[in-house]
Amino acid sequence: MKKVSIRVTGLVQGVGFRYSTKLAADQIGVYGIVRNESDGSVYIEANGDEEKIDKFTEKIRNSPTPSGQVDSINVEELSSLPVRDKFIISN
């Protein structure tokens, strides 16, 4: 089981990014949360098999929504993150 936190900057708010992130997570089979941050970035926590997390991260890197644009992505593997059993949109 791999657990990661992901911070995404760019045109990622107001373009369906969180919704598209949830769709991608559901299709790939990873669990976690996605939320908008006050600085305009999007924060994601995800857990799942390493191969699925890598696939999910690549999907986020390329923007899960055609309306969005990812300028930077910071992925950090954190064993201290909680294990989640579904993927939810927060805030």
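Tutor: Lys and Arg count as positive and Asp and Glu as negative, with His and the chain ends not counted; the place of a charge is NZ of Lys, CZ of Arg, CG of Asp or CD of Glu. This is a predicted model, in which local features need pLDDT of at least 70 and side-chain atom pairs pLDDT 80 or more, while totals for chains, interfaces and linings use all residues. Residues are numbered from 1 along each chain as its sequence is written, and side-chain values use heavy atoms, leaving out hydrogens and water.

On that basis the chain carries 12 positive and 13 negative side chains, and the centres of the two sets are 5 Å apart.

The residue is Ser63, in the loop between helix H2 (50–61) and strand S4 (69–77). Helices (H or I, at least four residues) and strands (E, at least two) are DSSP runs numbered from the N terminus. Ser63 is buried, at a relative accessible area of 13%; buried means under 20%, exposed over 50% and partly exposed in between, with a 1.4 Å probe and protein chains only. Neighbours within four places in sequence aside, Ser63 contacts Phe17, Gly68, Gln69 and Val70, contact meaning heavy atoms within 4.5 Å.

As for the whole chain, 43% of its 91 residues are buried. Of the contacts between residues at least 6 apart in sequence, 78% join residues at least 24 apart. The 2 helices and 5 strands follow the order β-α-β-β-α-β-β along the sequence. The C-alpha trace spans about 30 × 25 × 20 Å along its principal axes.
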